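Visitor: I'd like to learn how to read a sheet and a pocket in a model like this one. Could you take me through it?

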Amino acid sequence: MLTRYTLKNILPEKQITVPAEAIFDLPEKVLQFGTGVLLRGLPDYFIDKANRQGIFNGRIVVVKSTGGGDASAFDKQDGLYTICVRGIEDDIKVEENIINASISRVVSARSAWGEVLKCAHNPEMKVVISNTTEVGITFVKDDIHLSPPVSFPGKLLSFLYERYKAFKGSPDSGLVIVPTELITENARKLEAIVLELAHLNGLEEAFMDWLDTSNYFCNSLVDRIVPGAPPAAEKERLQQELGYTDDLLIISEVYRLWAIETGSDKVKEILSFSQADAGVAIAPDITKFRELKLRLLNGTHTLSCALAILSGFTTVKEAMADDTFATWMNALMINNIIPAVVDESISDQDARRFAAQVLDRFRNPYLDHKWVSIAVQYSSKMKMRNLPLLMKYVDRFDTAPEFFALGFAAYLLVMKVHPADGGFQGEVNDNVYQLQDDKAAHFSEKWATLPAEKLVTDVLQDEVLWGTDLSELGKFAALVTKSLQSLMEDGAKQTMHRMLTDKSVIQS
């Protein structure tokens, strides 16, 4: 089993990055709420890398906030775990195995809240990180004197109040708080809830002033696919290859991004681990990073998803192995998405570099990302991720985007479902797929009662569904109708191939 004392048995020829003994003597500088794989595969990855380079020189106390599971695996393995980085970077296959020693210990909030509060007395403590899911950053009427408080914001406020008392409100005792929950303005929302709870709990004005002036809540954006533990057979193979067992072993892709929003030099100095890896981006405004991810990664997924399903592909890597599909996806980004994304804050070079990284990620042979999973809540994803792009493109170029129109037409065809087994399912070339979408019943009824051409007009004009009348956007309605007809008559692959050979719609 992987432990601090079995590290010496790892053979050099295994090509595993092993922590130096001195790492275990580093002080605890980070309090982390959450034990999940995203935290272990991204923030903890960066901190571990920085420690190995002698930059940050601090370890993490992890607070286990949920009741499910236990921390025994971390205790047995001295907080060590292996992260197996697998994927494609600049068209080169990457396989890297790293033993991460960033975690000092894991403490249960439920059974050892007193131990968590003791960390507030540590003068070396500088940073708080969290990933408590999107539900974690919500307001709950909470008593911060409970052991522990019920909510994550309540726990955080309790910890901050303990630190304020321990250091008598010293300005230098404030912390940098970086939530990684996947919501926009995550730090601003967390800070507002903490302040509201402070008022609710009747905390003194001096503390309120310290909370506001000595602590830094930094919005952040995280982006890395960390599937976690591999399937049993693959895990067994990896452990044989590594030469030890590891109950905490996780897989991650190569690509990594942690964008942290701050303009403070003091915060940058505290977050010195950013110097260890270009994947940590500290900037006064992280809107650029969020927009690139939402439009070029998520938006491309959404616009190509239905075409993949209609083509009979099960996983993203399977679709990317098909030359026509991979070329079409690249053309979608180059011809329709990037022209709409580029603005005063995002250069064409930025967008094209990110698009190339997206293609590397989609080609990752180690990840089995299923298209039916990407299609969950398809309608809301289409509205949130892609409609702003569509309207920006039409406004900017006074015409409708053809690749976008085909992706939208394919979405309409995939939404041709019927009730089955308590849900909804569709069928393409004898392949049955299950669809989870709040609008599935709505589309099922439309397809049952309207011919395709009328359905396109009806759906595009549905302002309740889209928030606007999409039929008024240039030639978009005509392009969607034409694309839908081609998909129904010729199939997805032939339709994509024909579009790719039409020089009038291709940019370089």
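This is a predicted model: local features need pLDDT of at least 70, side-chain atom pairs count only at pLDDT 80 or more; totals for chains, interfaces and linings use all residues.

Visitor: In what order do the 3 strands of the open sheet lie?

Guide: In general, strands of a sheet pair through backbone hydrogen bonds, either parallel or antiparallel. Here the order is S14-S15-S16, with antiparallel pairing. Strands are DSSP runs of E with at least two residues, helices are runs of H or I with at least four, and both are numbered from the N terminus. Two strands pair if DSSP finds at least two bridges between them.

Visitor: Which strands stand at the edges?

Guide: Strand S14 (418-420) and strand S16 (431-435) do; each has a single partner strand, so one side of each is left without a neighbour in the sheet.

Visitor: How many bridges join S14 and S15?

Guide: That pair has 3 bridges, and Ala420 stands opposite Gly423 in S15. The two strands form a hairpin with 2 residues between them, and Asp421 in the turn has a positive phi of about 55 degrees. Strand S15 (residues 423-428) pairs with S16 over 5 bridges, with Glu427 opposite Val432 in S16. That hairpin also has 2 residues between the strands, and Asn429 takes a positive phi near 50 degrees.

Visitor: Now, how much space lies in the largest pocket?

Guide: Rolling a probe the size of a water molecule over the atoms shows where empty space is left. A pocket is an open set of points on a 1 Å grid over the protein atoms alone, where a 1.4 Å probe fits, with protein on both sides within 12 Å along at least five of seven lines; lining residues have an atom within 4 Å of a point. Grid points are joined across faces, edges and corners, and the volume is the space filled by probe spheres set on them. The largest pocket holds about 710 Å³. Its lining has 27 residues, with Leu182, Arg224, Ile225, Lys293 and His369 nearest the centre. H10 gives the largest share of that lining, 4 residues.

Visitor: And which residues are closest to the centre of the second largest pocket?

Guide: Tyr255, Arg256, Arg353, Phe354 and Gln357, out of 19 lining residues. That pocket holds about 460 Å³, and H13 supplies the largest share of its lining, 6 residues.

Note on methods:
Residues are numbered from 1 along each chain as its sequence is written. Side-chain values use heavy atoms; hydrogens and water are left out.
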